[in-house]
Structures are given as C-alpha cells and as structure tokens.
Amino acid sequence: TNTGYGYLTQMNAYQGWRYSSGTNDTECSPYSTWPRHPHAPFNATTHNYSGTPHTGERHDIGLAWAAGAGGQRVSIHRGLDMVITVRGDSTNEGHKRVWNAMRPALVALDPQYAGDEAGFCAAYQRSQHAPALRFPWSATASQ
C-alpha cells in the first residue's frame with residue numbers, strides 16, 4: 001500500500017511516510033511524484049498522494065534512496081547526475097550529512113545559482129532545476 005516504495009527503493013516524500021530505514025529528506029532535495037495507486041494511502045491530497053506539496057513540476061527528478069543492512073545507504077540525485085553512498089551509518093541518515101556537506105561546493109559551481117544556496121534549494125526541491133537531466137523517467141513525466 002506504500003506508493004512511495006518499490007523495487008527496494010524509497011521515494012522522497014513530503015509527508016505521511018515513515019520508514020524503518022530512515023527518514024525523507026525535506027531540506028534541499030526534490031520530492032517524488034507518483035501516479036495514483038489502487039491501494040494509495042487515504043489522505044486529502046489528490047495531486048500525488050503526499051509525494052510533493054508543489055504543483056507544476058518541470059522535471060520528475062524526485063530523490064530516490066535505498067537502505068541496506070549495517071547502515072549502507074544509497075541516495076540518487078538524478079537531476080544532478082549524482083549518487084551518494086554511505087557505509088556503516090547506524091543512524092540511517094548519513095547520506096543527508098554528506099549531501100549537506102557537499103552542497104555548498106556544488107552550488108558554488110552551478111551556472112544558474114552560483115553561490116545562491118537558498119535559490120538553488122527552492123528550485124531543486126520544486127523539481128524546477130535539473131542541470132544534469134538528460135532523459136525523463138518516462139515519456140509522460142516530461143510533459
């Protein structure tokens with residue numbers, strides 16, 4: 001019944017999702033959108049079932065992550081062509097610490113948001129900024 005999970009991968013959701021393997025990244029990572037599922041959770045939103053609070057996403061670049069035994073963690077920032085891996089993290093939040101530590105250097109080199117981390121995060125989280133995106137997840141996602 002969890003439309004934010006599949007194939008051993010979690011999708012970053014804005015609210016309503018709690019995982020035993022960690023929490024969603026609501027600070028500066030894009031939220032996922034997903035279509036209605038026959039067993040979707042019962043909540044008031046009809047847009048994407050709590051994946052994102054935003055409408056009119058330009059890209060479908062939601063952060064995806066997977067967690068393994070012993071604190072292994074992989075997070076995929078598709079819009080940035082970046083994969084973060086962490087081992088031996090007992091908190092299951094290590095990928096967020098790595099992302100937060102490396103983000104200022106990444107933003108400093110971004111051609112559109114050079115040095116403007118707040119602007120970068122606002123656009124990236126709303127799926128409006130994806131400088132490395134080459135192909136959408138699906139043909140309908142880019143429409």
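This is a predicted model: local features need pLDDT of at least 70, side-chain atom pairs count only at pLDDT 80 or more; totals for chains, interfaces and linings use all residues.

Me: In what order do the elements run from the N terminus on?
Reply: The order is β-β-β-β-β-α-α. Helix α1 covers residues 94–109, and helix α2 covers residues 117–125.

Me: What share of the residues is buried?
Reply: Of the 143 residues in the protein, 43% are buried.

Me: And the surface, what does it come to?
Reply: The accessible surface of the protein is about 8100 Å². Carbon and sulfur atoms account for 54% of that surface.

Me: New topic. How many salt bridges does a search of the whole structure find?
Reply: The search finds three salt bridges. One of them joins the side chains of Glu27 and Arg103, with an N to O distance of 3.3 Å.

Me: Where do Glu27 and Arg103 sit in the chain?
Reply: Glu27 is in the loop between β2 (9–11) and β3 (64–68), whereas Arg103 is in helix α1. The two residues are 76 residues apart, and the pair links distant parts of the chain.

Me: Is Arg103 buried or exposed?
Reply: Arg103 is buried, because its relative accessible area is 4% and the cut-off for buried is under 20%.

Me: Which other residue forms a salt bridge with Arg103?
Reply: The side chain of Glu117 also meets that of Arg103 in a salt bridge, at 2.6 Å from N to O. Glu117 lies in helix α2 and Arg103 in helix α1, so this pair ties together parts that are 14 residues apart in sequence. Through shared partners, salt bridges join Glu27, Arg103 and Glu117 into one network. Glu117 counts as partly exposed, at 26% relative accessibility.

Me: What about Arg97 and Asp89?
Reply: The side chains of Arg97 and Asp89 form a salt bridge with an N to O distance of 2.9 Å. Arg97 is partly exposed, with 49% relative accessibility, whereas Asp89 is buried at 6%.

Me: Moving on: which cysteines form a disulfide?
Reply: Cys28 and Cys121 do, and their sulfur atoms are 2.1 Å apart. The structure holds one disulfide. A disulfide is a covalent bond between the sulfur atoms of two cysteines.

Me: Which parts does the pair of Cys28 and Cys121 tie together?
Reply: Cys28 lies in the loop between β2 and β3, and Cys121 lies in helix α2, so the pair ties together parts that are 93 residues apart in sequence.

Me: Is the disulfide left-handed or right-handed, and why?
Reply: The disulfide is left-handed, because the torsion about the S-S bond of Cys28 and Cys121 is about -95 degrees.

Me: Are those cysteines buried or exposed?
Reply: Cys28 is buried at 0% relative accessibility, and Cys121 is buried at 12%.

Terms used
Residues are numbered from 1 along each chain as its sequence is written. Side-chain values use heavy atoms; hydrogens and water are left out. Helices (H or I, at least four residues) and strands (E, at least two) are DSSP runs, numbered from the N terminus. Buried means under 20% relative accessible area, exposed over 50%, partly exposed in between (1.4 Å probe, protein chains only). Accessible areas come from the Shrake-Rupley method with a 1.4 Å probe; for residues, only the protein chains shown count as cover. A salt bridge is a side-chain nitrogen of Lys or Arg within 4 Å of a carboxyl oxygen of Asp or Glu. A disulfide is a pair of cysteine sulfur atoms within 2.5 Å.
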